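Visitor: I am new to this structure. Please show it to me and take my questions.

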Amino acid sequence: DYNTALNIQADAPVVLTNRAWIYMSRNRFDTALQDLNKAIELFPPAAAARARYYRGFTFFKLKDYAPAMSDLNEAVKVEPNNPDPYLARGELEQAQQLYDAALRDFDEFSKRAPRNPRGLIGRGSVLEATGRSKEALLAYENAVALEPANAQALAARDRLRSTQDAGDQAK
């Protein structure tokens, strides 16, 4: 449908952005970048937040961290109440071991999307990576409380519980 729409109107930035999302969901990041670059050129700067977020996420997946950070910062600046760029930026910061910044962004995500466990899972992951396992376990448990069937939260919580239980038994 997006291809058909672009055959009718080739310079439709919303359609390009939406088609890029499809490419991203299929791990076709280079193709997504082509659409996102064009969409960002066509959008007025104040309307390009979603395309910037998608492009930042795409750069992150391609491990091109500097432009990823630039786009995610711009997306946050233009749409500060949208939680998604905070989550992506937190993941990017975590990948670069910028743990304090990642925690801030995971917390910002959670403030803006309080019923979504992904911010708590990210928080738990950072806390665990920095040796703060008790705080990490609490974050994972809070994520499970929000969404009891979340496989990622359950696996992280159970894994951390089992390592803590093994440590307690060794004492």
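This is a predicted model: local features need pLDDT of at least 70, side-chain atom pairs count only at pLDDT 80 or more; totals for chains, interfaces and linings use all residues.

Visitor: Does the span of helix H3 agree with 20 Å, or disagree, and what is the distance between its end C-alpha atoms?

Guide: Helices are DSSP runs of H or I, at least four residues, numbered from the N terminus. The expected span is 1.5 Å times one less than the number of residues. H3 covers residues 29-42, so its 14 residues should span 20 Å. That agrees with the distance between its end C-alpha atoms, 20 Å.

Visitor: Which helices do the buried residues of H3 pack against?

Guide: Buried means under 20% relative accessible area, with a 1.4 Å probe and protein chains only; over 50% is exposed, and in between is partly exposed. In H3, the buried residues include Phe29, Leu33, Leu36 and Ile40. They pack against H2 (13-25) and H4 (49-61).

Visitor: Is Leu127 buried or exposed?

Guide: Leu127 lies in helix H8, residues 118-129. Its relative accessibility is 1%, so Leu127 counts as buried.

Visitor: How far apart in space are Leu127 and Leu103?

Guide: In sequence, the two are 24 residues apart. From C-alpha to C-alpha, the distance is 8.3 Å.

Methods: Residues are numbered from 1 along each chain as its sequence is written. Side-chain values use heavy atoms; hydrogens and water are left out. Helices (H or I, at least four residues) and strands (E, at least two) are DSSP runs, numbered from the N terminus. Contact means heavy atoms within 4.5 Å.
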